[in-house]
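Take a look at the model below.

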Protein chains: 2
Amino acid sequence: MSPQKANRTLGSKSEETRARILNAALAVFRERGFERATMREIAAKAEVAVGAAYYYFESKDAIVMAFYERAQREMKADLDAMLDRSRTLESRLRGIIAEKFAYFGPNRKLLGALSVHTDPEHPLSPFSQETAAIREQDITSFQRAVDDSKVKLPPGIRPYLAKLLWLYQMGLILFWVYDRSEGQAKTKLLFDKTLKMLLIVLRIAGFPLLRPLHRLGGEILDAVYQKG
Amino acid sequence: MSPQKANRTLGSKSEETRARILNAALAVFRERGFERATMREIAAKAEVAVGAAYYYFESKDAIVMAFYERAQREMKADLDAMLDRSRTLESRLRGIIAEKFAYFGPNRKLLGALSVHTDPEHPLSPFSQETAAIREQDITSFQRAVDDSKVKLPPGIRPYLAKLLWLYQMGLILFWVYDRSEGQAKTKLLFDKTLKMLLIVLRIAGFPLLRPLHRLGGEILDAVYQKG
DNA sequence: TGTTTAATTTGAACACGTTCAATTTCTGGT
DNA sequence: ACCAGAAATTGAACGTGTTCAAATTAAACA
C-alpha cells in the first residue's frame, strides 16, 4: 500500500520520511528554483533513494501540491480566527488573501509550478477532480466571508459569489507569482484597487440601471459551472 | 546561421524542409496528441534526423508556436476583409473571435500546449517579449474594431480597450481548448452571452452611477500595463 | 574548376523524470 | 522467538526532450 495520500494518521516513521523528503524538496526548490531542482538531488538531500521519493509522491509536481496542501492545513486556524474576529466583507476578503500572500511569500515562485496545469483533466490542476477537496475548503472561507455580510445580489448570481471570489483570488495569486516589481508592489496595488472596485460593484449591483446584466450574468454562470 | 526565425525570404530548400517538419509534427500531434508525440517520430515522419528538427525549431513547444504564427499569418487576409466589410463593434468582435475558432478548430487541443506557459519570462508565453510581435499584431485587429466605432469610454480606460479585448479573447480560447461539452457548446454560449454583456457594459459605462469606477479602473490598468 | 566558407544534416550521448523488480525492514500473530 | 505478509527502500534501466561534435552538402568566390 502506498502512502501517497493517506497515512496521515500514523504519526509513524513513514510520516517522518515523507516530511523529510518534502522539506528537502522545498529547500532545493528555493535554492535552485523548481525546474533546475532534480529529483536525484532532492532524494540525496533527504538521504533516500530516488525511488523512495516516488513512493511518497507520485511526481515532482505532486511535491509542490503536497506543500500546497500542507499550507492549506496550516493556514486554516489563522483563517478561521480571522473570520471570527472580523465583520465586514472587505476586511474578510483582505484577510483571506493577505494570509495567502504572507504564508506563500517565502515560496512565492514555487506556486508557478502548479499554475502550469491549466488543463482541468490534469490531477494537479486547481480545477481538477483530484484537487476538489482542497479547492472547496478554500472556497468555504469565501463562503463564510459572504454569508453573514449584507451584500444584496440578484438571486441568480449570489450562489456563485464565493466561487467567483475564489477565482479572483487565484487570479491575484497568479499575477503575484510572476510579479517582478520591487516587493511585488504591483500586486499589492492591484489587490487594493480591484478589491475597492469589487466592493463598489457589489454595492451598486442592485440598481435598476444594471438590471439587464443580472439575467445574462446568471445564465453565464449557470452554463460555466454546470456539472462541475 | 540557424533559420529558426528568419529565412522566410529564401523560398529555398530550407524553407521546404522546415515546412515538412512542421506538417509532420502537426500530423503526429493530431494523431497522438501533443504529449504522446515524440520528436523521434516527428523526425521520422518528416524523413530527417532528430537533430534537424532542432535545427529548425528550438523546442517541441516551439513547433506549436510556429503553427500559431502561421495561423496568424494565414488569418490576416480574412480578418482584414472582415473588418473592412463590417461596421459595428459587435459584428467585428464576433468576426475576429469566430475566425480564430474556425481556423483553430481542427487543432483545438494543440493550443493547450501553448497555454501552459503562464510565465511571462518564458519565450513561448503569450505575454513574453518574444511573442510581442505576434501579440501586437493580434491586438491590432481589436484596435481596428474599436477605432471607428462609437464607444464612449472614460479617457483613462479607452487606450486599454483593445488590449482588454485581446485578453478577453485569450480567456475565451483557453476555455474553449478545454471545453469538453458536445461541439464546445459551452464556449459558444459563453462567447455569445459575455459579448452581449460586454456591449451593454460599454453602452452604460458613461453613466454617472459608474463614475466612481472610472478612476479606479484607470489606475489599475496603468499599474498593470506599465513597462509592458 | 578548385577552394574556402557557410548551411545543413546526422545520430550518438546526455540529463532528468519516472518505473519497477528485487531486496530489506517492519509488524502482527502464534 | 519465529514466520508470513505488508511496508518501505533501493538503484539500475527506460523514455523522451535536447545538445553537439563531426560529417556532408551547398554557395561564394578566385
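Chain A as a whole averages 92, and 95% of its residues score at least 70.

This is a predicted model, with local features needing pLDDT of at least 70 and side-chain atom pairs counting only at 80 or more, while totals for chains, interfaces and linings use all residues. Residues are numbered from 1 along each chain as its sequence is written, and chains are lettered from A and ligands numbered from 1 in the order in which they are written.

## Two copies, one axis

Two copies of a chain are related by a rotation about an axis and a shift along it. The same surface serves both copies, as 100% of the contact residues of chain B recur in chain A. "In contact" means that the C-beta atoms, placed from the backbone, lie within 7 Å.

## Where the chains touch

Across the interface, 27 residues of chain B are in contact with 27 residues of chain A. On chain B's side, H9(B) gives the most, with nine residues. By class, the side of chain B that touches chain A has 17 nonpolar, five polar and five charged residues. Nonpolar covers Ala, Val, Leu, Ile, Met, Phe, Trp, Tyr, Cys and Pro; charged covers Asp, Glu, Lys and Arg; the others, Gly among them, are polar.

## Helices side by side in chain B

Helix H4 (residues 60-85) and helix H5 (residues 89-104) of chain B pack at about 150 degrees, with axes 10 Å apart. Axes are lines fitted to C-alpha atoms, for helices over the stretch in contact, and angles run from 0 to 180 degrees between N-to-C directions. So H4(B) is roughly antiparallel to H5(B) (angles over 145 degrees count as that).

H5(B) also pairs with helix H7 (residues 132-147) of chain B: their axes come within 9 Å and cross at roughly 165 degrees. That makes H5(B) roughly antiparallel to H7(B).

Notes. Two residues are in contact if their C-beta atoms, placed from the backbone, lie within 7 Å. Helices (H or I, at least four residues) and strands (E, at least two) are DSSP runs, numbered from the N terminus. Angles under 35 degrees count as roughly parallel, over 145 as roughly antiparallel, 65 to 115 as roughly perpendicular and the rest as oblique. pLDDT is the predictor's confidence in each residue, from 0 to 100.
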